[in-house]
Amino acid sequence: MSDSAGMDGLRVEACEKCADLVESRSRIVNGVGPDDADIVFVGEGPGANEDEQGEPFVGRSGDVLDDALDTHGLRRSDVRITNCVRCRPPENRDPSNEELANCRPYLDAELEAIAPDVVVALGKVPAQHLLERSVAVTNEAGTIETIDVGETRLDVLICVHPAATLYDRSQESTFENTIEKAATIVGAEG
Ligand code: URA
């Protein structure tokens, strides 16, 4: 088990590890969804909407994700949705390596406890963070790589970030195909 001191079950109730994020956040945004979900979606970190509402992927990216889940026979309430970092970075900048590392024990504890059939890395930051290598997301979307988190072996499916489909329509089919693949892995019907 990773060093996840400070967690209450799968929730982080208080954390002061990242000075900048303690300043920029309104609240800690924990993962949502069942603690025995077959799929865990991992995003980068909360944006303004998530920071306000205290739930991951509730803004425009969340709408894109929800639509794709629906199309492929998955329900938001049946999947787990979480982020690499649980506090909104200032001006939505990417989380720093230090911030990612500070939050990693919480993510690892969540993934280990849930032990899903597939972890979907939504975008470059989570893909690189989970796989610990450089990832060209557009080229590698739809591919699966196995990682070990503690004693738990997990399949990570690389996916473009839902927001990418909003500013680049050519990413839509890549995104949809990857969500379809995740749905197939867990036996959902589209
Ligand atoms: N983008 C992310 O990566 N995570 C969220 O929770 C929302 C948008």
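1. Helices (H or I, at least four residues) and strands (E, at least two) are DSSP runs, numbered from the N terminus. In these terms, arginine 80 lies in strand 4, which covers residues 80-83. The protein has 8 helices and 7 strands. Its radius of gyration, taken over C-alpha atoms, is 15 Å, close to the 16 Å that the globule rule gives for 190 residues, so the protein is as compact as a globular protein of that length. The globule rule is 2.2 Å times the number of residues to the power 0.38.

2. This is a predicted model, in which local features need pLDDT of at least 70, side-chain atom pairs count only at pLDDT 80 or more, and totals for chains, interfaces and linings use all residues. Residues are numbered from 1 along each chain as its sequence is written. The pLDDT, the predictor's confidence in each residue from 0 to 100, averages 96 over the protein, and 98% of the residues score at least 70. For the complex, the predictor gives an ipTM of 0.93 and a pTM of 0.97.

3. On overall dimensions, the C-alpha trace spans about 40 × 35 × 30 Å along its principal axes. Of the 190 residues, 45% are buried. A residue is buried if 20 or more other C-beta atoms lie within 10 Å of its own, exposed if 12 or fewer, and partly exposed in between, with C-beta atoms placed from the backbone. Two residues are in contact if their C-beta atoms, placed from the backbone, lie within 7 Å. Among contacts with a separation of 6 or more, 70% join residues 24 or more positions apart.

4. The largest nonpolar core has 52 residues, and those with the most contacts inside it are Val42, Val119, Val120, Ala121, Ile158 and Cys159. Such a core is a set of buried Ala, Val, Leu, Ile, Met, Phe, Trp, Tyr and Cys residues joined through C-beta atoms within 7 Å. The elements that give two or more residues to this core include strand 3 (39-43), strand 5 (118-122), strand 7 (152-159) and helix 8 (172-185). Helix 4 gives the most, with 7 residues. Leaving out residues up to four places away in sequence, isoleucine 158 touches Ala121, Ala127, Val135, Val137, Glu140, Ala141 and Thr143.

5. Which residues are around the ligand? They are Gly43, Glu44, Gly45, Pro46, Gly47, Glu50, Pro56, Phe57, Ser61 and Asn83. A residue is near a molecule if its C-beta atom, placed from the backbone, lies within 6 Å of it. By class, this shell has 3 nonpolar, 5 polar and 2 charged residues. Here Ala, Val, Leu, Ile, Met, Phe, Trp, Tyr, Cys and Pro count as nonpolar, Asp, Glu, Lys and Arg as charged, and the others, Gly among them, as polar.

6. Proline 56 is one of the residues around the ligand, and its place is the loop between helix 2 and helix 3. Because 29 C-beta neighbours fall inside 10 Å, proline 56 counts as buried. Its contacts, not counting residues up to four places away in sequence, include Val29, Gly43, Glu50, Ile81 and Asn83. Proline 56 and isoleucine 81 are 25 residues apart along the chain, yet their C-alpha atoms are separated by 6.5 Å.

7. Arginine 80 is also buried, with 23 other C-beta atoms within 10 Å. Apart from neighbours within four places in sequence, arginine 80 is in contact with Gly31, Gly33, Pro34, Ala37, Ile39, Val40, Ile114 and Pro116. Its C-alpha atom is 9.9 Å from that of proline 56, 24 residues apart along the chain.

8. Two residues deserve a check of backbone geometry. Phenylalanine 57 has a positive phi of about 50° although it is not a glycine; this residue is in the loop between helix 2 (48-53) and helix 3 and is buried, with 26 other C-beta atoms within 10 Å. Glutamate 91, in the loop between strand 4 and helix 4, has a phi near 50°, a positive value in a residue other than glycine. Is glutamate 91 buried or exposed? Glutamate 91 is exposed, with 7 other C-beta atoms within 10 Å.

9. Glutamine 128 is found in helix 5 and counts as partly exposed, with 17 C-beta neighbours inside 10 Å. Beyond its neighbours within four places in sequence, glutamine 128 is in contact with Arg133, Ser134 and Val135.
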